[in-house]
Amino acid sequence: MDTNNTSRKEFLAGLVTTGLVLAGCSSKKSPFEMAASEDVKATGEKVKLLSVDGEVIEVDKAFLKPVPNMPTISNSEERKGIPGKKFVMVIDLSRCKNLRKCQSACNHMHHIHSNLNWLKVYPMDEGEHTAPYWQPTTCMHCDEPPCVKVCPVDATFKREDGIVLIDSDRCVGCRFCMAACPYSIRVFNWEKPDTVSEELAHKPYDCETSMPQKMGTVGKCDFCPDMARKGELPHCVSACPNGTFFFGDLNEDSVTNGAETFRFSDLIKDKAGYRLMDDLGTKPSVYYLPPVARNFPFEKGMEIDKG
Amino acid sequence: MKSKIINISIWVFLILVAGLSVKGQDAEKSPLIVTLSYFTVNNDYQYLKVNAKSKVEGKFQPAAGVEIQLYLNKDSTGKGVGLIGKVITNEKGNAAANIPPALKQTWDLSPNHTFVAVTDKSKKFDETNTDISIAKAKITVDTTDDKNVTATFTEFKDNKWVPVKGVDIKLGIKRLGGDLLINDDQSYTTDSLGKVKGEFKKIGMPGDEHGNIMLVAKVEDNDQYGNLRVERSEPWGVKFVADNDFFHRALWASRFNSPVWLVVIAYSILIAVWGTLIYLVFLLIKIRTLGKQEEKNQA
Amino acid sequence: MEKISLTDEQVVSDLLPKKFGKLGMVWVAILIVFCLVGFFAYCRQLKYGLIVTSMRDYASWGIYISNFVFFVAISLVGSLITAVLRLSGVHWSTPLTRIAEIIAVSAITFASLIIIVDMGRPDRFYNLFLYGRLQSPIIWDVTVIITYFFISILLLYIPLLPDMKILLAGKEKKGIYKLYSFLGSFWKGTHLQFRISKRAINILCIAIVPIAFSIHTVTSWLFATTYRPGWDSTNFGAYFIAGAFLAGAGAVNVAMYVFRKYYKLENYITNDHFDKMGKITVMLGMLYLYFNVNEYLTPYFKMKKPEVAFLNSLFVGQFSVIFWSAIFGGMIIPMIILLFKRGRRPLPMFICGIMIVVGAWFKRFLIVTPTLLQPFLPMHNVPESYKHYFPSWEEWSIALGSLAGALLVITFFARFFPIIPIQETIIEQHEKQNH
């Protein structure tokens, strides 16, 4: 019989309801919802659940956690991107041991063959006296993407949220984008991908999951926009046991590897973050933190390679 | 004597076969590891998350398509009672369930519950039984204008909410995929009044278009209380102004947004050249008509 | 001018297209076999995908693309002989114009075909037209190729009209004559028709020069608009055009010799023609050599990090044999031979022509693939086959099939149409006699 408790509960319930109402009413989509969830639209379908207090509450289906399967998005919406976001990735080179869990997670979730890794881990041994290190390389999702400039059919495109995607239904397989990319990040489906099951192959192609991959088209890392829509992190970020990858939104000035969250501007300034081949003018969206103060030798990664 | 030997040898053979088949069966099955966690958001909405993984060749792999039964309580034999639901793990081996209103009676009976996750024996895995014990708890958040945050942790004991000492609470700002800590302190521990205090030091953080940020107080992976999370909007962020300039003309833009200079030059050249070519075709036609005329004249 | 004065009838009977002799039949049969094998290989490629080639993620462009560049290069010869020489008031090149034009038309046709072969999804070819992006160099290339094809057809067809009349002279309308009739029965040779035809040809000759320049410049920009070592050069447009003219001149030399020998055209393609073409070839060769020196010496002086591996692979590494053979065998040695008057006789010209053309083919390969095998970031964690490139039998078959197809088109054209313009030859004879 706590009046305090009830009033507080009422206040919170009121907040949730207001948030839900606002979310439902807002005609212009605001980048941040005030309700309990991430940028998810209320579907109007409500589900009855038991709350901690033993009360029966109604929650819109779209706000259930973890977020259920999202409704399919049209091709033109996929080409526009998630408004108000600008995705960015920070890779801490001092943490990478060449375990390649990121690579296997990405390959597994996108059903791609291990010959055609989208995420590559390179041994960087630049000069005689410079320190060798392992460099996980994703698509840079450049702000001046040379690959997009040369595509003849608009099959690869740059979105508002910074992500560069490939439309495998449009791609004619000319491979000009592969020649144009200085980071050699793109791969080509030279044959029918045997990692794609018959069932998956018949599903309609979704630019945001880049699945199913098709013969004769180009593929590459897509920053997992389908996960970002759900408020989750890309598969490589969650898979790394050392937390090497940090993913976030430049407009929120924050990046996270799931366990640790940092303020992006502080992180890059403090740790002297840089971008790969910045002098080419591609304006990549992936930042690297230099490999200082590593507590494991580079050679350990070579053993993993051979194994 | 002969029949005895035959008898014995048949028995030995049968035992060997049985032993091998059992060994074979065991060798195929890999151990299934099921982890169960409890979450509550805003002291209101609650759900269970379950993850199944198996150890294959020394490496952990997510176990997809595993059916798991979730129960609200455990009886004396260790079996689950009060079925919450049956879920099937997805590609990552994860599944989640909410507590249905039908279990209200059982839920209200006690402040403590032991959630049980049970999997049956299948071709790939043996049966498993995992449980966690959760006590009902709450976090309440108060803020002052000068950006001080106080979070109070209480648990439901003897029909009322009492503060708990020694619980780790983290205070953060909700961001994509994670929460940014509001200052440099990693986490706080509740005092005897169940309170923690922190100062919001991340000045200049971008908020939404009104300058609001979502303040978060959370308890993560607590043995007694599970995972709790409370979110609250505060106007402590910087107003976010959307960049509406993205769809401008550029070399990397879509085919409708070509730079003007390129469009002008390309189309002028095309029109000039193909204009000439069409003129030439016209000349050719003229030759043809002249020829036909000549034929008629000759005829 | 060693020309013997011939009667009109003699000219006509010499230059009318003749049936294939034994050698001709054998030649056609060999070409058809190559085409069929290439076609069969392409069917395999359609079924299994581009995996049947040796191209992989690093060497993602192989001999299909270098064949494409080679064809585009050869096709420039049409504009050189027909347009440039004609516009400069040169008349000795008249017998060679049709040879040059048919080489051009045939080459540009097969350039388009080989580029379709290289596409991963040729079934989506129409996307280029439905969704074409004006910003893409490939769209520029498609546009210019279509334009150039159309211009070359016109430049082949309009001067052919007067000869149609000669071909049709008094013949019945059956068999091949139906085709001749359709193509040119309306040509009566009236004064007005000649005037219009002259005007059209003049306009074409002027128009084709910038188009020809742009076709090979745009093709060079397929490479020069990227960042890669060996391609990131401001020199590429001029470099490619110079190479194209040389390759085209070599091709004309070969064709001149073959047609002269086979059809016994010594009175029309004289030793003087060989001499003059030889001088032009030397000039073009010097020009191309000059561009090559610029292209390779300046980066070698600097040895920027991305260029080190690339230049080493060309000069001393895995491509060194091909590189130096192409430079010496395709450029320097033919130049030296052709510097001498004795070298500009028909047979040496023919041999040098072949050396130049083969050298040009390998040079195009050296432009395309070695750069791709030296990416900025290390090649790691990929199958061994990704790190090398040697074309598979399907690629060879298709490439050779396309070359055979181009030769087949030229051969069949010469079978049915006069390879040397009859009417123009007659007119020029008269003009000389009237002097």
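Reader: Is I269(B) buried or exposed?
Author: I269(B) is exposed, at a relative accessible area of 51%. Exposed means over 50% relative accessible area, buried under 20%, and partly exposed in between, using a 1.4 Å probe and protein chains only.

Reader: What am I looking at, a model or what?
Author: This is a predicted model, in which local features need pLDDT of at least 70, side-chain atom pairs count only at pLDDT 80 or more, and totals for chains, interfaces and linings use all residues. Residues are numbered from 1 along each chain as its sequence is written, chains are lettered from A and ligands numbered from 1 in the order in which they are written, and side-chain values use heavy atoms, with hydrogens and water left out.

Reader: Back to I269(B). Where does it lie?
Author: I269(B) lies in helix α3 of chain B, residues 260-298. Helices (H or I, at least four residues) and strands (E, at least two) are DSSP runs, numbered from the N terminus.

Reader: Which residues form a nonpolar patch on the surface?
Author: L251(B), W261(B), I265(B) and I269(B) form one, with about 400 Å² of accessible area together. Patch residues have over 30% relative accessible area and no salt bridge; like charges are joined within 9 Å, nonpolar side chains (Val, Leu, Ile, Met, Phe, Trp, Tyr) within 5 Å. The areas come from the Shrake-Rupley method with a 1.4 Å probe, and for residues only the protein chains shown count as cover.

Reader: Sheets next. What is the order of the open sheet of four strands in chain B?
Author: The order is β5-β4-β7-β8, with antiparallel pairing. The edge strands are β5 (80-88) and β8 (128-135) of chain B, each pairing on one side only. Two strands pair if DSSP finds at least two bridges between them.

Reader: How many bridges between β4 and β5(B)?
Author: Seven, in the antiparallel sense, with β4 of chain B covering residues 67-74. In β5(B), G85(B) is the bridge partner of L70(B).

Reader: And the open sheet of six strands in chain A, what is its order?
Author: β12-β11-β10-β3-β14-β13, with mixed pairing. β12 (261-263) and β13 (274-275) of chain A stand at the edges with a single partner strand each, so one side of each has no neighbour in the sheet. Strand β11 of chain A (residues 254-256) runs antiparallel to β12(A) and is joined to it by three bridges. S254(A) stands opposite R263(A) in β12(A).

Reader: Changing topic: how many aromatic pairs over all chains?
Author: The count is 55. Rings of Phe, Tyr and Trp (its six-membered ring) pair if their centres lie within 6.5 Å; planes under 30 degrees apart count as stacked, over 60 as edge-to-face and the rest as tilted. F264(A) and Y287(A) form an edge-to-face pair, 5.1 Å centre to centre with 80° between the planes.

Reader: Which parts does that pair tie together?
Author: F264(A) lies in helix α9 (residues 264-270) and Y287(A) in strand β14 (residues 286-289), both of chain A, so the pair ties together parts 23 residues apart in sequence. Both F264(A) and Y287(A) are buried.

Reader: Why is the pair of Y38(B) and F115(B) stacked?
Author: The ring centres of Y38(B) and F115(B) are 5.4 Å apart and the planes are at 15°, so the pair counts as stacked. Y38(B) is buried, and so is F115(B).

Reader: How many salt bridges over all chains?
Author: The structure holds 39. A salt bridge is a side-chain nitrogen of Lys or Arg within 4 Å of a carboxyl oxygen of Asp or Glu. One of them joins the side chains of D143(A) and K158(A) at 3.0 Å, N to O.

Reader: Is K158(A) buried or exposed?
Author: K158(A) is buried, with a relative accessible area of 8%. D143(A) is partly exposed, at 25%.

Reader: What about R159(A) and E208(A)?
Author: Their side chains meet in a salt bridge of 2.8 Å, N to O. R159(A) counts as buried at 0% relative accessibility, and E208(A) counts as buried at 2%.

Reader: Last one: which residues of α8(C) are buried?
Author: L161(C), P162(C), D163(C), M164(C), I166(C), L167(C) and L168(C). That makes seven of the eight residues of helix α8 (residues 161-168) of chain C, so the helix is largely enclosed by the rest of the structure.
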